[in-house]
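Dear colleague,

Please find below the structure that I am handing over to you. My findings follow it.

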Amino acid sequence: MAASWPILLTASAGILALLPISLEIFWGTMPFAVIGGLTAAIVLALLLLPAIPFLLTHRERRQAARLAMRSTPTRAGDDLRPALSRPEGMDHDE
């Protein structure tokens, strides 16, 4: 939450600064477009950007789990892994 304060304060200052000129006819719809852009930027910066690394690591974990499932024995007596890949001290089945 601490990293979101600069984003919130900067965008809210811009939005509040544009409110008085949004009521004037001279500026037209420009202030509303900028306010909408700042609001969309806040949503993207605070919700979407933090979710991207989570989604990428979640995807990698799923792929690793699938690979692990493929390399595990399918029945109790089957061992699909070669004996050399076992850690030291694990030469026998428990």
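On one side of helix 1, residues L9, T10, L16, A17 and P20 are exposed; exposed means over 50% relative accessible area, buried under 20%, and partly exposed in between (1.4 Å probe, protein chains only). The buried residues of helix 1 are S4, A11, I15, L18 and S22. Seen down the helix axis, these buried residues fall within an arc of 85 degrees, so they line one face of helix 1; the arc is that of the directions from the axis to the C-beta atoms.

The model is predicted: local features need pLDDT of at least 70, side-chain atom pairs count only at pLDDT 80 or more, and totals for chains, interfaces and linings use all residues. Residues are numbered from 1 along each chain as its sequence is written, and side-chain values use heavy atoms, leaving out hydrogens and water.

Helix 1 covers residues 4-22; helices are DSSP runs (H or I, at least four residues), numbered from the N terminus. Its 19 residues reach 26 Å from first C-alpha to last, close to the expected 27 Å, which is 1.5 Å times one less than the number of residues.

How many aromatic pairs does the structure hold? There is one, and F26 and W27 form it, edge-to-face, at 5.4 Å centre to centre with 80 degrees between the planes. Rings of Phe, Tyr and Trp (its six-membered ring) pair if their centres lie within 6.5 Å; planes under 30 degrees apart count as stacked, over 60 as edge-to-face and the rest as tilted. F26 is exposed at 71% relative accessible area, whereas W27 is partly exposed at 36%.

Yours sincerely

How values were computed: Helices (H or I, at least four residues) and strands (E, at least two) are DSSP runs, numbered from the N terminus.
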